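Thanks for coming. I'll take the ligand site and then some helix packing.

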Amino acid sequence: MARRKTQREAVVKFSTPTPFSRIPFRLAGNGARAILRALSSMPASTTVPVSGNAGRFRPTNTVPEDIARRIAAAHGTPAYVYSQQALEDRAAEALAFPNAHGLTVRFAMKALPNATVLRLFERKGLHFDASSGHEVRRAMFAGIAPQKISLSTQELPADLTPLLRAGVLVNACSLAQLDAIGTALPGWNIGVRINPGRGSGGTGKTNVGGPDASFGIWHEHIAEILETARRHRLNIVRVHTHIGSGSDPAVWQEVSTLNLALMDRFPDARTLNLGGGFKVARVPGEKDADLQAAGAPVKAAFEDFAARTGRRLHLEIEPGTFLTANCGVLLARVQDITDTGEAGRRFLKLDTGMTELLRPGLYGAQHPAEIVPADAGRAPGSAVHDYILAGHCCESGDLISCAPGEPERLAPVRLPAVRMGDLCLIGGAGAYCSAMSAKNYNSFPEAPEILLDPGNTPRLIRRRQTLEQMIQNEIPLA
Ligand code: LLP
């Protein structure tokens, strides 16, 4: 796929106390062009593509090679590296979602709950979706106002009442939750999460709607919802649905219309939350959701609803993946190279794996990989090999190179000949990577997180965990 040359010229400066600190260098002119030339000449499978609207790829998410080397020297590997510019651009795209009578974009913080990211999104005007009481507290620790946090959870927290009294919003996700909230806070304004009867996910494991999904209140139980609400004098002011991650846009559309029809049953509801689930293209061949195309018919449907009922509904969406997936890479190092003979496989063993990136092993998710030679002077040779990228855990399932949707099937990637010690950038690692991993398995410490600011200065936003921190809650007996 052709790569657009949109890399900005930037003066790069390191703020960390490393041998490289205070050595500004200019990523401009020939330097930048050389990096872009190298990127654009690599086979598609070796690059870190970044999504834009409607399936286009753009390289803004790629961490330039020199920066990757300097981050590795300063902070070690593995490390997550996020682009502030990319995060802000995605926030702006989400905030432009078509709407008829007002829009709130909630960041599904489960995708990337680092405090710096939450604050950055809050400054851009986003609100937040939390999936547990702990996430609510985490957002509040980061300085997010409770009024900007909405809780849709599978497990009500023990401290629900003080959280709600502080201003946190809640969507009851089951009839029992509705009853519990009504018992604790009769007369409260609440939302209800409905399972609209259809779901759609990029994989079976990310489909959270329809008869096989336990999420939300089944759409045929609305009479019970209304009866429970009446008993506790609850006002249902919001209706919420989320049908899956990586949803088929056509199903998302269809469900949006179904949801709007449900609003007739909830006369006090002023807000309809249509969840997240917008697809993101991490590798060529995958397609980004086009938010403008997805939102236009929804906007029209809200207008029709207003014309028919006089109710001007507020729209909420709550993307996680869309806002973060392609805004981050995982920077790792090739720490071993093994093979299983002529007819076998060549393995690149990275110093990362399911401890930082569980999605391939869990879903057969595809993440692009790019090799950065350890030595800046070494040009990639003409020889290429098919490699399997393997993780560092003692688990055959700890694989990065697996077939789409088939975590157990190996799918090699073709790369210029790799040497031990080379760096590897794994793309699409902003969402559900740092947030969702087999943390501390094999006692590998939690990796640091780094934010590249708009001037491309790497800023440490989470330290690497120490062994002491890993075991601090153990109580050795005898
Ligand atoms: N709202 C609710 C209630 C959710 O449960 C989720 C995701 C979202 C919004 C955001 O969905 P998104 O826009 O990120 O698709 N771990 C998986 C995805 C499962 C997420 C579960 N809920 C992944 O790695 O792709």
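This is a predicted model: local features need pLDDT of at least 70, side-chain atom pairs count only at pLDDT 80 or more; totals for chains, interfaces and linings use all residues.

Numbering starts from 1 along each chain as its sequence is written.

The ligand first. Around it are 21 residues, and the nearest are Ala 108, Ser 245, Gly 276, Gly 320 and Tyr 432. Near here means a C-beta atom, placed from the backbone, within 6 Å. The shell has eight nonpolar, ten polar and three charged residues. Ala, Val, Leu, Ile, Met, Phe, Trp, Tyr, Cys and Pro count as nonpolar, Asp, Glu, Lys and Arg as charged, and the others, Gly among them, as polar. Domain 1 (10–83 + 327–470) and domain 2 (85–324) both contribute to the shell, so the ligand lies between them. Those bounds come from an automatic or database domain assignment.

Now a helix pair. Helices are DSSP runs (H or I, at least four residues), numbered from the N terminus. H9 (residues 249–262) packs on H10 (residues 291–309) at about 10°, with the axes 10 Å apart. Axes are lines fitted to C-alpha atoms over the stretch in contact, and angles run from 0 to 180 degrees between N-to-C directions. H9 and H10 are therefore roughly parallel, a term for angles under 35 degrees. From H9, residues including Trp 252 and Leu 260 meet a set in H10 that includes Val 298 and Phe 305; contact means C-beta atoms, placed from the backbone, within 7 Å. By class, this contact has eight nonpolar, three polar and no charged residues.

Terms used: Helices (H or I, at least four residues) and strands (E, at least two) are DSSP runs, numbered from the N terminus. Angles under 35 degrees count as roughly parallel, over 145 as roughly antiparallel, 65 to 115 as roughly perpendicular and the rest as oblique. Two residues are in contact if their C-beta atoms, placed from the backbone, lie within 7 Å.
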